[in-house]
Amino acid sequence: MKNNISPTNKERVMREDDFIVSKTDAKGRLTYCNRIFIEFSGYTEQYLLGQQHNIVRHPSMPRSVFNLLWQTIKSGDEFFGYVKNMAKDGSYYWVIANVTPSYSAGSAEIQGFFSVRRKPDPAKLKIIESIYQDMLAAEQSAGTRDAIAAGTKVLTDIIKPTGKDYREFILSL
Ligand SMILES: Cc1cc2nc3c(=O)[nH]c(=O)nc-3n(C[C@H](O)[C@H](O)[C@H](O)COP(=O)(O)O)c2cc1C
């Protein structure tokens, strides 16, 4: 669902011991949100359940990050990434997210997804913010059709010289 919320410069900072947890069905619709999710997003539980997870999407997040997220989890792997989210009142909150597919017992078919988020280290966020800005700028100048390729190339060009893959790079920041 697309919303008409205008982002503000108000930041909401996670506490050291907070976990923001959510579960979705295979199509990314929310089936569970914990209390901290509800608190940070600013929506009611009743409203959240059944919504697409992009309900908290912040417009300054590069599309290519979510492309990588979905590619990774749909292929059965776990994804780690920094995400800037937007609350109902337009304020933002940064998280470091782990997203994993979940299976029903005895089945190889993905039944849904699960995400746990923690407070990111502010020093690491500085690096990520600058990378995401460059990715977003590349996406915007490439235009809709080529945005994902352009944003992904920015990220790849940063990671390649380190000799790491995306996961190792993110976890080594
Ligand atoms: C388990 C799970 C957790 C997710 N968590 C977030 C999140 O915290 N913030 C977010 O913007 N997108 C999250 N996503 C990705 C969204 O489904 C969506 O791809 C993203 O918000 C981009 O939306 P858009 O395609 O409308 O641009 C999550 C997806 C899954 C499956």
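## Basis

The model is predicted: local features need pLDDT of at least 70, side-chain atom pairs count only at pLDDT 80 or more, and totals for chains, interfaces and linings use all residues. Residues are numbered from 1 along each chain as its sequence is written.

## Helix H4

Helices (H or I, at least four residues) and strands (E, at least two) are DSSP runs, numbered from the N terminus. Helix H4 covers residues 122–142, 21 residues in total. From its first C-alpha to its last H4 reaches 30 Å, close to the 30 Å expected at 1.5 Å a residue; the expected span is 1.5 Å times one less than the number of residues.

A residue is buried if 20 or more other C-beta atoms lie within 10 Å of its own, exposed if 12 or fewer, and partly exposed in between, with C-beta atoms placed from the backbone. In H4 the buried residues are Ile 128, Tyr 132, Met 135, Leu 136, Ala 138 and Glu 139. Seen down the axis of H4, they fall within an arc of 160 degrees, so they line one face of the helix; the arc is that of the directions from the helix axis to the C-beta atoms. Ala 123, Lys 126, Ser 130 and Ser 141 are exposed on the other side of H4. Gly 143, with a positive phi near 85 degrees, follows H4.

## Packing and core

The buried residues of H4 pack against helix H3 (63–74), strand E3 (79–86) and helix H5 (147–159). In turn, H3 and H4 are among the elements that cover the buried residues of H5. Contact here means C-beta atoms, placed from the backbone, within 7 Å.

A nonpolar core is a set of buried Ala, Val, Leu, Ile, Met, Phe, Trp, Tyr and Cys residues joined through C-beta atoms within 7 Å. The largest one has 26 residues, and Phe 40, Tyr 82, Tyr 93, Val 95, Tyr 132 and Met 135 have the most contacts inside it. H4 gives the most to this core, with five residues.

## Ligand shell

Around the ligand are 18 residues, of which His 53, Asn 54, Arg 57, Phe 113 and Ser 115 come nearest; a residue counts as near if its C-beta atom, placed from the backbone, lies within 6 Å. Strand E1 (20–25), H3, E3, strand E4 (92–103) and strand E5 (110–118) each supply at least two residues of this shell.

## Ser 172

Ser 172 lies in the segment after helix H6 (166–171). With 9 C-beta neighbours inside 10 Å, Ser 172 counts as exposed.

Terms used. Contact = placed C-beta atoms within 7 Å.
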